[in-house]
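Here is a short report on one model.

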Amino acid sequence: MASGFRYDEPPSLLIREQALTSDTMPVRLLGMSGSLRTGSYSNAVLETLREKFAGRADLAIYDLRAIPLYDQDFEGDKRPDPVKALLSAIAASDGLVLCAPEFNHSIPGVLKNALDWASRPAFSSVMAYKPVAIMATSRGPLGGARCLEHMRVALESMLSRIALAREVTITSTAEKIRDGRLVDETSLGFACGALEALLREIRVWRTA
Ligand SMILES: Cc1cc2nc3c(=O)[nH]c(=O)nc-3n(C[C@H](O)[C@H](O)[C@H](O)COP(=O)(O)O)c2cc1C
């Protein structure tokens, strides 16, 4: 057996991880929630993550208010300017952080609409192979899981890379968010875990 080899650690991954720890390139992340509400809990989660990861990643939270309804008559060069700006921002980012409230057991229309624009042209859009972290919020004690699952299905259809992490559904948000920040340690741990997974995914693909 070669010296230093251990069966419990995949060697190729270890070598790669060592190379990655010296990676000093800034990571540019784009956050989107799909909530336009003042005092949105989902935006509060993104804001909390922006602060937590400052210095390691630059998480810019994108305001989707200006994005018009998707219209297939206006694709390519005919895309409206706010859509072009959104697509440029996605293209320039290393990864996305989507934290959406569950709406009627699914993705809020505002976010789905933005993803529909971003998903074109199909299979070669700015979303194709883009690393994405996903999380969902709900005011109730049980919600979020269905929104998360629908996000996963939609993102897979556009060939995005969902960072492998434990599922993040932040329930009872009114009790866990104070002064615009996620203060519940357990939920924050899960959300940070998803972001760590995203950063790992980005680093791995940068060096692939
Ligand atoms: C149109 C609509 C549909 C909703 N549907 C659900 C739902 O299916 N499941 C759930 O847990 N909460 C549901 N809610 C509650 C939202 O998750 C809650 O209002 C949340 O705080 C909104 O997100 P925000 O704080 O980021 O704006 C719904 C709210 C609205 C306005």
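How do the residues of the shell around the ligand divide into nonpolar, polar and charged? The shell holds 3 nonpolar, 11 polar and 3 charged residues. Here Ala, Val, Leu, Ile, Met, Phe, Trp, Tyr, Cys and Pro count as nonpolar, Asp, Glu, Lys and Arg as charged, and the others, Gly among them, as polar. In total 17 residues surround the ligand. The closest are Ser 35, Ser 42, Pro 101, Ser 138 and Gly 143. A residue belongs here if its C-beta atom, placed from the backbone, lies within 6 Å of the molecule.

This is a predicted model: local features need pLDDT of at least 70, side-chain atom pairs count only at pLDDT 80 or more, and totals for chains, interfaces and linings use all residues. Residues are numbered from 1 along each chain as its sequence is written.

**Overall build**

The protein has 7 helices and 8 strands. Both are DSSP runs numbered from the N terminus: helices are H or I with at least four residues, strands are E with at least two. Of the 208 residues in the protein, 38% are buried. Buried means that 20 or more other C-beta atoms lie within 10 Å of the residue's own; exposed means 12 or fewer; partly exposed is in between. Two residues are in contact if their C-beta atoms, placed from the backbone, lie within 7 Å. Among contacts between residues at least 6 apart in sequence, 78% join residues at least 24 apart.

**The core**

The largest nonpolar core has 51 residues. Such a core is a set of buried Ala, Val, Leu, Ile, Met, Phe, Trp, Tyr and Cys residues joined through C-beta atoms within 7 Å. Helix H7 (residues 185–207) gives the most to this core, with 6 residues. Val 45, Leu 98 and Met 151 are among the residues with the most contacts inside the core. Leaving out residues up to four places away in sequence, Leu 98 touches Met 32, Leu 111, Val 132, Ile 134 and Met 151.

Ala 136 sits in strand S4 (residues 131–137). It counts as buried because it has 28 C-beta neighbours inside 10 Å. Its contacts beyond four places in sequence include Ala 100, Cys 147 and Thr 169. Ala 136 and Thr 169 are 33 residues apart in sequence, yet 4.9 Å apart in space, C-alpha to C-alpha.

**Two helices**

The expected span is 1.5 Å times one less than the number of residues.

| Helix | Residues | Length | End-to-end C-alpha span | Expected span |
|---|---|---|---|---|
| H2 | 41–52 | 12 residues | 16 Å | 16 Å |

H2 is largely enclosed by the rest of the structure, because 9 of its 12 residues are buried. Among them are Ser 42, Val 45 and Glu 47.

In H3, Val 83, Leu 86 and Ile 90 are buried. They cover an arc of only 60° around the axis, so they lie on the same side of H3. That arc is taken from the directions from the helix axis to the C-beta atoms. On the other side of H3, Asp 81, Ser 88 and Ala 92 are exposed. The cover over the buried residues of H3 includes strand S1 (27–32), strand S3 (95–101) and helix H4 (109–118).

Most residues other than glycine have a negative phi, and most peptide bonds are trans. The bond from Arg 120 to Pro 121 is cis, with omega near -5°. Pro 121 lies in the loop between H4 and S4. Phe 123 is found in the loop between H4 and S4, and has a positive phi of about 70°. Phe 123 counts as exposed because it has 12 C-beta neighbours inside 10 Å.
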